[in-house]
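Me: I am new to this structure and would like to learn how to read it. Can we go through it feature by feature?

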Amino acid sequence: MPVYCITGTNRGLGLEFVRQLARSSDNTIIAGVRSLASTDLSDLRAAASPSTHILECDTGSLASIHAFAKAARLALGEDRKIDYLINNAAVNLASHQTSLNLGPDELQAQMAVNVIGPAKTLELFLDAGLLSQHVRVLNMTSGLASLHLTAQSPARKCAGYSITKAALNMLTLHQAADLRSHLPGAVVVLADPGWAKTRLGGEGAVMEPSDSVAGVLKVLHGLRPEDSGSFFSHSGDKIPW
Ligand SMILES: NC(=O)c1ccc[n+]([C@@H]2O[C@H](COP(=O)([O-])OP(=O)(O)OC[C@H]3O[C@@H](n4cnc5c(N)ncnc54)[C@H](OP(=O)(O)O)[C@@H]3O)[C@@H](O)[C@H]2O)c1
């Protein structure tokens, strides 16, 4: 009876994770959404199973992540723990900006959601005793985070977003090492879902969200202890850093 926790689930790939996981009545799902009040939850409610708990989590707010951890504890009861944590919520703001005209406000907002959010979610869930001994943590990153691929590409896209996703990659390496002393069986990895047809994916995206998420879930379910700290594509290949 595995327990999954996913952030940013009202649309896009987060919604697709819930849709696919909710097909099995064995799965308990904690589905985080930025706001229970102002977010359109109709698609998520339609995708949810009876064992899906839709809880508020604005990953750009420490107070909200604290409240999320408490609400997750209440939803799961005293003993059940999270087996799979998918840090999915992210923003790509001001994609027209380049390194020569980065907006400090936009960059800080992206750091808050794309880096500090996944860092604090893991930290506060650990502190709350919510993570199982063999928890699998998957941080959703991007090919745009790869220094190697970016160095090879003549075009530079989405400067602020790619800078924060590169920071997320470094965070993940730290988490993989640091979590081991608390939960020796834990595995922390990165996955690039590919260029998928979502709001963030934008025009020109090539993959159906269903294919992207099916691939990422296959990666997640196949993780071995020695994979901790790896950077995977949705098809399970290793992406160069
Ligand atoms: N689609 C792609 O081609 C692609 C490629 C590479 C990587 N990725 C990564 O895959 C993940 C999912 O992307 P996507 O394509 O599904 O993006 P998306 O369609 O833009 O959806 C993003 C989700 O994150 C949520 N979110 C944003 N800010 C939040 C916050 N402060 N707190 C909580 N939730 C928040 C959004 O909620 P609201 O509706 O409330 O804004 C939405 O549910 C992201 O990590 C992204 O970087 C996507």
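Me: Where is the place of aspartate 227?

Reply: In this predicted model, aspartate 227 sits in the loop that lies between α7 (209-221) and β7.

Me: Is aspartate 227 buried or exposed?

Reply: The relative accessible area decides this, and buried means under 20%. Aspartate 227 has a relative accessible area of 4%, so it counts as buried.

Me: Which residues does aspartate 227 touch, leaving out those up to four places away in sequence?

Reply: Aspartate 227 touches Val187, Val189, Gly222 and Phe232. As for arginine 45, it is 182 residues from aspartate 227 in sequence, and the C-alpha to C-alpha separation is 34 Å.

Me: Val187 and Val189 belong to strand β6. Why is β6 described as largely enclosed by the rest of the structure?

Reply: The way to read this is to count buried residues along the strand. For β6 (residues 187-192) the count is 6 of the 6, so the strand is largely enclosed by the rest of the structure. Val187, Val189 and Ala191 point one way, while Val188, Leu190 and Asp192 point the other way, and all of them are buried.

Me: Which strand does β6 join through 5 bridges, and which through 3 bridges?

Reply: Strand β5 (residues 131-140) is joined to β6 by 5 bridges, and the two run parallel. Within this pairing, methionine 140 stands opposite alanine 191. Strand β7 (residues 231-233) is joined to β6 by 3 bridges, again running parallel. Here leucine 190 has phenylalanine 231 as its bridge partner.

Me: How many residues does the largest nonpolar core have?

Reply: In soluble globular proteins, nonpolar side chains tend to be buried together. The largest nonpolar core here has 31 residues, and those with the most contacts inside it are Ile6, Phe17, Leu44, Ile86, Leu138 and Leu220. Elements giving two or more residues to this core include β1 (3-6), α1 (12-21), β5, β6 and α7. Another core, of 24 residues, lies apart from it, with Leu55, Cys57, Phe68 and Ala186 among them.

Me: What is phenylalanine 17 in contact with, beyond its neighbours within four places in sequence?

Reply: Its contacts are Ile6, Ile86, Asn88, Met140, Val213, Val216 and Leu217.

Me: Which residues come nearest to the ligand?

Reply: There are 29 residues around the ligand, and Asn10, Arg11, Arg34, Tyr161 and Thr198 come nearest. A side-chain N or O atom of arginine 11 is 2.7 Å from an oxygen atom of the ligand. A polar backbone atom of asparagine 88 is 2.8 Å from a ligand oxygen atom. Taken alone, the ligand exposes 900 Å², of which the protein buries 94%.

Terms used
Residues are numbered from 1 along each chain as its sequence is written. This is a predicted model: local features need pLDDT of at least 70, side-chain atom pairs count only at pLDDT 80 or more; totals for chains, interfaces and linings use all residues. Side-chain values use heavy atoms; hydrogens and water are left out. Buried means under 20% relative accessible area, exposed over 50%, partly exposed in between (1.4 Å probe, protein chains only). Helices (H or I, at least four residues) and strands (E, at least two) are DSSP runs, numbered from the N terminus. Two strands pair if DSSP finds at least two bridges between them. Contact means heavy atoms within 4.5 Å. A nonpolar core is a set of buried Ala, Val, Leu, Ile, Met, Phe, Trp, Tyr and Cys residues joined through side-chain atoms within 4.5 Å. A residue is near a molecule or strand if one of its heavy atoms lies within 4 Å of it. A polar contact is a pair of N or O atoms within 3.5 Å; within protein, one must be able to donate a hydrogen and the other to accept it, and residues adjacent in sequence count only if both atoms are side-chain atoms. Accessible areas come from the Shrake-Rupley method with a 1.4 Å probe; for residues, only the protein chains shown count as cover.
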